[in-house]
Amino acid sequence: MRCPFCESDLPVSQLHLHLADDHAGAIGTEEVGERTVYSVTCPQCGDSYRRPIKKAVGDPEFLAEFERQIHLVAFDMLIHHVRAEHEPVEP
C-alpha cells in the first residue's frame, strides 16, 4: 500500500509503523470541552476524523505517556479510510 503522505509503498503492517515513525506530525490533539480528541486528515481528499481519547480525561500525563499508541490508533483509522475510499477495487 502506498503511503498517503509520501512515495513509500509498503505492506500495511509496515506502513502502519512508517506512518507513526515518519509522519507523526499529521496527528493533532485538541481540547474540546472537557475531552481531549485526536484528529487526522486524509491528504488525498481532505476528510478529517476526530475521536475522543477516553483515558485522557483528567490525566494530563496520559498524552505524553501514550503518544505513540494514540498515533497508531489514528493512523489505523486513516489506513482504513484510504483503503475503502481511495484504492481501486479489484475484480
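User: Which residues in α1 meet which ones in α3?
Analyst: This is a predicted model. On the α1 side, the residues are Val 12, Leu 15, His 16, Leu 17, Leu 19, Ala 20 and Asp 21. They meet Arg 68, Leu 72, Phe 75, Asp 76, Ile 79 and Arg 83 in α3.

User: How do the residues of that contact divide into nonpolar, polar and charged?
Analyst: Eight are nonpolar, one is polar and four are charged.

User: At what angle do the two helices pack, and how far apart are their axes?
Analyst: Two packed helices are described by the angle between their axes and the distance between the axes. Here α1 covers residues 12-22 and α3 covers residues 67-85. The angle is about 130°, and the axes are 9 Å apart. That makes α1 oblique to α3.

User: Is the crossing left-handed or right-handed?
Analyst: Right-handed, as α1 passes α3.

User: New topic. How many aromatic pairs are there?
Analyst: The count comes to two aromatic pairs. One of them joins Phe 5 and Phe 75. Their ring centres are 6.4 Å apart. The planes stand at 80°, so the pair is edge-to-face.

User: Where do Phe 5 and Phe 75 lie?
Analyst: Phe 5 lies in the segment before α1, and Phe 75 is in helix α3.

User: Is Phe 75 buried or exposed?
Analyst: Phe 75 is buried, at 0% relative accessibility.

User: And what about Phe 5?
Analyst: Phe 5 is partly exposed. Its relative accessible area is 29%.

User: Switching to His 18. Where is it?
Analyst: His 18 is in helix α1. It is buried, because its relative accessible area is 12%, under the 20% cut-off.

User: What does His 18 touch?
Analyst: Leaving out residues up to four places away in sequence, His 18 touches Cys 3, Cys 6, Ser 8, Leu 10 and His 23.

User: Now the whole chain. How many helices and strands?
Analyst: Three helices and three strands. Along the sequence, the pattern is α-β-β-β-α-α.

User: What box do the C-alpha atoms fill?
Analyst: Roughly 50 × 20 × 20 Å, taken along the principal axes.

User: What share of the residues is buried?
Analyst: Buried residues make up 32% of the 91 residues in the protein chain.

User: And what share of the contacts join residues at least 24 apart?
Analyst: It is 45%, among contacts between residues at least 6 apart in sequence.

Conventions: Residues numbered from 1 in each chain as written. Predicted model: local features only at pLDDT ≥ 70, side-chain atom pairs only at ≥ 80, totals over all residues. Heavy atoms only, no water. Axes fitted to C-alpha atoms, helices over the stretch in contact; angles between N-to-C directions. Helix = DSSP H or I, 4+ residues; strand = E, 2+ residues; numbered from the N terminus. Parallel < 35°, antiparallel > 145°, perpendicular 65-115°, else oblique. Left-handed = near helix turned anticlockwise from the far one by under 90°. Contact = heavy atoms within 4.5 Å. Nonpolar A, V, L, I, M, F, W, Y, C, P; charged D, E, K, R; others polar. Phe/Tyr/Trp six-rings, centres within 6.5 Å; stacked < 30°, edge-to-face > 60°. Buried < 20%, exposed > 50% of the residue type's maximum accessible area, 1.4 Å probe, protein only.
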